[in-house]
Structures are given as structure tokens and as C-alpha cells.
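Subject: Structure handover and notes

Dear colleague,

I am passing on the structure below, together with notes on what was found in it. Please look through it first and then read on.

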Amino acid sequence: MWSFLISLVILIAGSLAYGKFVEKVFNPDGNRTTPAFTKTDGVDYVPMPAWKVYMIQFLNIAGTGPIFGAIMGAKFGPASYLWIVFGSIFAGAVHDYFTGMLSIRQGGAGIPDIVGLYLGKPARTGMLAFSVILLLLVGTVFVYSPAMILGDIAGFMGTHKSSVMIWVFIVFAYYIIATLLPVDKLIGRIYPLFAFSLLFMAVALCVCLLLKWPSIPEFWQGLGNRAPETGIQGQNIFPCLFITIACGAISGFHATQSPIMARCVTNEKNGRQIFYGAMITEGIVALIWAAVSSYFFFDGGMAEVGASSGQAPIVVTSVARNWLGITGGVLAILGVVAAPITSGDTAFRSARLIIADTIRLNQKNKKNRLVVAIPIFIIAGLMLWYNIEDENGFNVIWRYFGWANQALACFVLWTASVYLRKRGNSKAHLITLIPAVFMTVISTWYISIDKIGFKLPNLWGLGLGILVAIAFTWNFYYSWKLSKKEK
């Protein structure tokens, strides 16, 4: 428990100090008029109070990532705490802050347009395809994962599988409605309440941990893979941990969500609270769940709550029911269910906005929204239908999502590095360049060795990751030198 508490203190204190530094580097202008006012359309560009934008941003980026990812990552042992803490402070929150602020500066632009502005048209085209595919994967997965939890809770409706399928169709129908409605009609009204439920769950579980004070693995007992008899036993912490825990440390998916809220921010000075702060909040949630899961896996917690397996949805429902009582359990499960549902519908919303921006189709008109949204939902529906018939298909989708998620984060960090370099400060770009290099190594390494990738030996994957990172870094500085000569 001491390792958990030390990590929690470092995460909170470190984020307060480093967040101010990152804000100083970007230098937001409180007098600049934001897109919420310059492009107000009553649908996607809608001015909202800072606290509400923060709550929605937190819920949009949370999904099941900081919970399910932390549960799976906790099997590696206390090394998971370190990745959540330092990943959140120096990588994830920086990534989210620059994504949101650059979107504001570019009139609420989506991530493909931002990447294209600083990395060129080919990068924009690649990012367009990559981000839309990622969003379809997210939307599809975040239909199934909350349906699994709801199906487990409401299993009395029939067999567990039939209950899950009923909830799949209910959630999917909700997505269609929420994606098409103006952002302030549904998202702006009820999502802050769901965010409160998720935060309540985290605080309540933290209190339970302090009262129970379980004997969970500590840093000084070793940082190697501590996994019991599970599917990750024997896996290397590098790179697997850094893909397993994504949303709780750094996630490229967030780059597709920040522009949604960037269109609602009323003052650039609120950016640190909204974008950097929401990611740190997510890191705190992930850290708490990692500690809870450590008790679940390593100190008899699984037997205490009577869980049938160590699958993430089972861990969530079992712990919430047994630790928080009926009322607390309902609120906690509501938060866990709401998080992926809200991330799923904003994933589809983001896909609609990215495609609409690309084809220059104004979204104020309902007909135009339908023109873009219908093909998106048809493709997602086909993916759902196929994978409902083959449940293992969702595991495959999740693995591809995990890699694509971190690969997208790499490109966003490289983009932010170019932006900072062009501003003329020779050292400021290091706050994004260093995590960009690290995540490039990790993403390349993972896809090189995993079964969804090239299945290379581990050392080959590491070598390839280092070579790719060197190539990107060389191109970054070489291109900069060329641009200076041209001037």
C-alpha cells in the first residue's frame, strides 16, 4: 500500500508543478476569442462553462481504458504504478493539452488537419484514414464492453449471452441518437453527472483500500512481471505494459476527443484545467484501480468478493458490489458503464466531424449530419454483427486498438514537437519530443513482436523500434535545418 500512496502523492504534486510549466511553454492568451464564439453553430461549436467542459472531457477520454487497462496492467505488479504516474504527467497530459490547445488555435480543427498543418499533406491523409479507423474500433469495442457489464448485472433477462446482445442493440441505438444531437442537448446535460459517478467510484474505492490496507506488492519487492497464472505470465514489461495501460497513461484516442471540447472552450486560460487536468484525473482513477486489482490478484481479494474469474468486467462488478454496498455499487457500476458508453458515442461523433471537415460539409444541417453518419454506423454495425457471432473477435479488435492507440499518440507528439520547434525555442520542444521518441520505440517494438503484428523475436523488435525512433528524430532535426536554410 505504501507504493500506491507514494505514487498517488507524486502524481498529484508532480502534475500541479509540471502542468504549470507546460502551460507556460504554450503561453495561452486569455484575450484571444475562441472558436466557441467565432464559429458558434448550436450543434458542435457551443460555448460552455469550464467546469462542464472539464467533466465532459474527462468522461469522453476515460472509457474503460483507465479501468480495464489498469486491471490488466496490475497483473504486471507495481511497475504499473510507475507507468501510470510518469506516463500521465510527462506524456499523456502533455499530449492532451497540446491537442486541445492547437485545436483551439486552429479554429477547432480535428487531429488530421492539425497533423497536416505541421507534418504535411501526406501525413494529413494518413492521419485521416488512421484516426477514422481507430474511432470505428473504439466505437465498436465500447458498444460491447458496457454491454458485457450490463448483461452480467441483468442476466436474469435470459442467458448471459442473450442479455449481452440485447444491451448491445440498446447501446448502439443510443449512439446513433447521441452522435446526431447538438453537443449541449444530451452530452452537455447528463455527462457531467456520469463523470461524477465515475469520480465517486474512484474515491470510494480509495477509501476502502485505506481501511482494508491490504498486503499488495511494493516497489522494493521487485519491478519485474509479477503476473500469476494469467495470459500475461512471462510477457516482457517492455513493451507490453505500455500498450496494456494506455488511457491511464497516454492515449492517442484522446487526440480525437480534445477537438470536440476545444469547440466549446470559452477562454484559452482554461486549457490546463480542462485538457491537462482531465488526463491527470484519469491517471488517478487508473492508479486506484491498479491498486484495487493488485489486492484482487495478489492478496486474496478475488476470493473475498467471490469473483468467478479475473476478467476486467468481472473484477469491476464483483468489487463494486461487495465493497460499496447496494447504493455505492450502483453508482460505481453506473460510472464504469457510462464511461465507455460516453466515449463510444463521442468516438462516432468525432469520426463524423473529421469526415465532415475533410469534405467541407457543414454540420449545422441535420441532413448533412445524416449523410456523414449513416455510412459510419453501417460499417460499425457490420463489425458488431460479425464479432457478436465470434466473441474472440473483440479480443482481436482490442489488441489492434491498443497498438493503434499508442501509434496515434506518437504522431500527435511529433506534431506538437514541430509546432514548438517552429516557435523558435530551441529547448521547449523537448517536453513533447522525449515522450514522442519513447512511444515510437514502444509502438514499433510491440507491433514487431505481437501475434497481431510481425511475430519477431523480442530483441529484434527492440532494435527495430530504436531504428525507427532514430529515423524519426533525424528527420525532425534535418527538416528543421533545411527550413532554416530556405529562409
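Of the 487 residues of the chain, 59% count as buried, where buried means under 20% relative accessible area, exposed means over 50%, and partly exposed lies in between (1.4 Å probe, protein chains only). Please keep in mind that this is a predicted model, in which local features need pLDDT of at least 70 and side-chain atom pairs count only at pLDDT 80 or more, while totals for chains, interfaces and linings use all residues. Residues are numbered from 1 along each chain as its sequence is written, and side-chain values use heavy atoms, with hydrogens and water left out.

The overall picture

The secondary structure comes to 18 helices and zero strands, these being DSSP runs numbered from the N terminus (H or I of at least four residues for helices, E of at least two for strands). Residues 24 or more positions apart account for 81% of the contacts with a separation of 6 or more, a contact meaning heavy atoms within 4.5 Å. The chain exposes about 19,000 Å², of which carbon and sulfur atoms supply 67%; accessible areas come from the Shrake-Rupley method with a 1.4 Å probe, and for residues only the protein chains shown count as cover.

Helices and packing

Helix H4 (residues 65-73) is mostly covered, since eight of its nine residues are buried, among them Pro 66, Ile 67, Phe 68 and Ile 71.

The axes of helix H10 (residues 237-244) and helix H17 (residues 430-449) come within 9 Å and cross at roughly 105°, where axes are lines fitted to C-alpha atoms, for helices over the stretch in contact, and angles run from 0 to 180 degrees between N-to-C directions. H10 and H17 are therefore roughly perpendicular to each other, given that angles of 65 to 115 degrees count as roughly perpendicular, under 35 as roughly parallel, over 145 as roughly antiparallel and the rest as oblique. On the H10 side, Phe 238, Pro 239, Phe 242 and Ile 243 meet Phe 438, Ile 442, Trp 445, Tyr 446 and Ile 449 in H17. The peptide bond from Phe 238 to Pro 239 is cis, with omega near 5°.

Salt bridges

A search of the whole structure finds eight salt bridges, each defined as a side-chain nitrogen of Lys or Arg within 4 Å of a carboxyl oxygen of Asp or Glu. Asp 44 forms one with Arg 349, the closest N and O atoms being 3.1 Å apart. This pair links distant parts of the chain, with Asp 44 in the loop between H2 and helix H3 (50-62) and Arg 349 in helix H14, 305 residues apart. Asp 44 counts as buried at 4% relative accessibility, and Arg 349 is buried at 0%.

The side chains of Arg 105 and Glu 268 also meet in a salt bridge (2.7 Å, N to O). Arg 105 lies in helix H5 and Glu 268 in the loop between helix H11 (253-262) and helix H12 (271-298), so the pair ties together parts that are 163 residues apart in sequence. Arg 105 is partly exposed, with a relative accessible area of 22%, whereas Glu 268 is buried, at 0%.

Lys 212 forms a salt bridge with Glu 304, the closest N and O atoms being 3.0 Å apart. Lys 212 lies in helix H9 and Glu 304 in helix H13 (residues 301-305), so this pair ties together parts that are 92 residues apart in sequence. Salt bridges that share partners join Arg 32, Arg 105 and Glu 268 into one network. Arg 32 itself lies in the loop between H1 and helix H2 (35-38) and is partly exposed, with a relative accessible area of 39%.

The surface

Trp 2, Ile 6, Ile 10, Phe 86, Phe 90, Leu 210, Trp 213 and Trp 220 form a nonpolar patch with about 820 Å² of accessible area together. Patches are made of residues with over 30% relative accessible area and no salt bridge, like charges being joined within 9 Å and nonpolar side chains (Val, Leu, Ile, Met, Phe, Trp, Tyr) within 5 Å. The largest share of the nonpolar patch, three residues, comes from H1.

With kind regards
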